[in-house]
Every structure is written in structure tokens, then in C-alpha cells.
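Work through the exercises below with the sequence and the 3D view open. Each task is followed by a worked solution.

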Amino acid sequence: MSIAHLLEDFKLQPDDSKLHLLDEDALEEQRLAAFEQGYSAGWEDAVQAQEQSRGRVSDELARSLEDMSFTYQEATTRMSLSLEPMFQSLVDVVLPETLNRGFAARLVEQLCEMAQEQINQPMQIFVPEGRVAEVEALLPQDLSSSTRVREHAALEPGRARLQVGTSQREVDCSSLLTSIAAAFDAYVFEAKKALANE
């Protein structure tokens, strides 16, 4: 038994009109027109895809540059903060010791400068408690014998007062240390603030 009765017959038109068959030339023209239409549509799709890809690459590049800038800023801030313990020990230990060692030499230098201005005048150096021997040991031998080093209880460590005749001068190494410490604290504060804002 045949199944032809189950399949649709395309030769018959539903409105009983005549079926129009194409000859080989007309069929070839239709094929060329369809190919041309498909080729044009493909070309337009390719151009559009390329433009979208170029836009996406530009956006990604801009985003990458922005991320890189942010990463650089964050890295320098974090590096600065990682140096905080070193700077803190520098301000708390190294600089005070350095200033302490150079304190007596700085006093003698200032005293010699003042002595040149006022020759043959009595010279006095007032230092904090416990610094007399250190300062006396650094005084030049050719300095006037009227030079006296005295302790002064009111003077804080790192400070001294020089007097040659009527001329007086203050030496304050501790204020330098205080200004360095303040600058360091301000730097660390700004670095932490910048990191908190990121």
C-alpha cells in the first residue's frame, strides 16, 4: 500500500490556479539575486560587528588605563604606609641620637663664631644637666681661658644658651626634631586618608 495519499501534492494549487514552473535561466537569475542579497547582508553584518568590536576594545582600553592609574596610586600609597615603621624609628631613635651626638659640636661652633665677633670677652655656655663634661671636652685649646660651661636646670635636652660678653644666642636642636616629626605625622595622615578614600 502506497503512502502517497498522506503527502501533500505541490502540483495542485489551493485556489486551483495554474502552477508556474521556472525555466533554467530564470532560476539562475533568482539564485544570483539571492546570493547578492545574502552577500550584501553578510558584508553589512561584518562591518557592524567590526565597529562594535572596535568600540568594545576602546572601552576596555580606557577601563584598563583607569584601573592601572588607580592601581599605581594605591600602590604608592600602600608603599608609603609600609614605610611608616621605618620613618617612625628614624624620627624616634636615629634623629634624636644624631642630634644628641652633634649637640656639643654645634655649641662649640656657635661659640667660636660669637667669639670672633667679640674678642677678649668672657664666654659662657649654659647647657642642660649632665652635658657639661661633653661640651668642655670639645672646646678648642686655643679658646679663651675665660670660657665657662654651666648647667642650667631650666634648659630642656637639645637646647643651650651661649653668651659672649653681652651677646646671647639660643641653640635649639629639639625644635628641628619636633618639626621633622610633625612633617612625618602629616605625611602619614594624608597617606592614610588617601587610602581610606579609595
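**Exercise 1. Overall layout**

How many helices and how many strands make up the secondary structure of the protein? Give their pattern along the sequence as well.

Solution. The model is a predicted one.
- Step 1: counting the elements gives four helices and four strands.
- Step 2: read along the sequence, these elements run α-α-β-α-β-β-β-α.

**Exercise 2. Burial and contacts**

What percentage of the residues of the protein count as buried? Then describe its contacts and its surface.

Solution. 
- Step 1: the protein has 198 residues, and 20% of these count as buried.
- Step 2: take the contacts between residues at least 6 apart in sequence; 69% of them link residues at least 24 apart.

**Exercise 3. A surface patch**

Which residues form a nonpolar patch on the surface?

Solution. 
- Step 1: the patch consists of Phe 35, Tyr 39, Trp 43 and Val 47, which together have about 480 Å² of accessible area.
- Step 2: Val 47 lies in helix H1, residues 24-82.
- Step 3: the relative accessible area of Val 47 is 33%, so Val 47 is partly exposed; this class lies between the buried limit, under 20%, and the exposed limit, over 50%.

**Exercise 4. A strand pair**

In which sense, parallel or antiparallel, do strands S3 and S4 pair? Describe the turn that joins them.

Solution. 
- Step 1: S3 (residues 159-164) and S4 (residues 167-172) pair in the antiparallel sense, over six bridges.
- Step 2: Val 164 stands opposite Ser 167 in S4.
- Step 3: two residues separate S3 and S4 in this hairpin. Gly 165, in the turn, has a positive phi of about 60°.

Key. Residues numbered from 1 in each chain as written. Predicted model: local features only at pLDDT ≥ 70, side-chain atom pairs only at ≥ 80, totals over all residues. Heavy atoms only, no water. Buried < 20%, exposed > 50% of the residue type's maximum accessible area, 1.4 Å probe, protein only. Contact = heavy atoms within 4.5 Å. Patch = residues over 30% accessible without salt bridge, like charges linked within 9 Å, V, L, I, M, F, W, Y side chains within 5 Å. Areas by Shrake-Rupley, 256 points an atom, 1.4 Å probe, with all protein chains shown as cover. Salt bridge = Lys/Arg side-chain N within 4 Å of Asp/Glu carboxyl O. Pairing = 2+ DSSP bridges.
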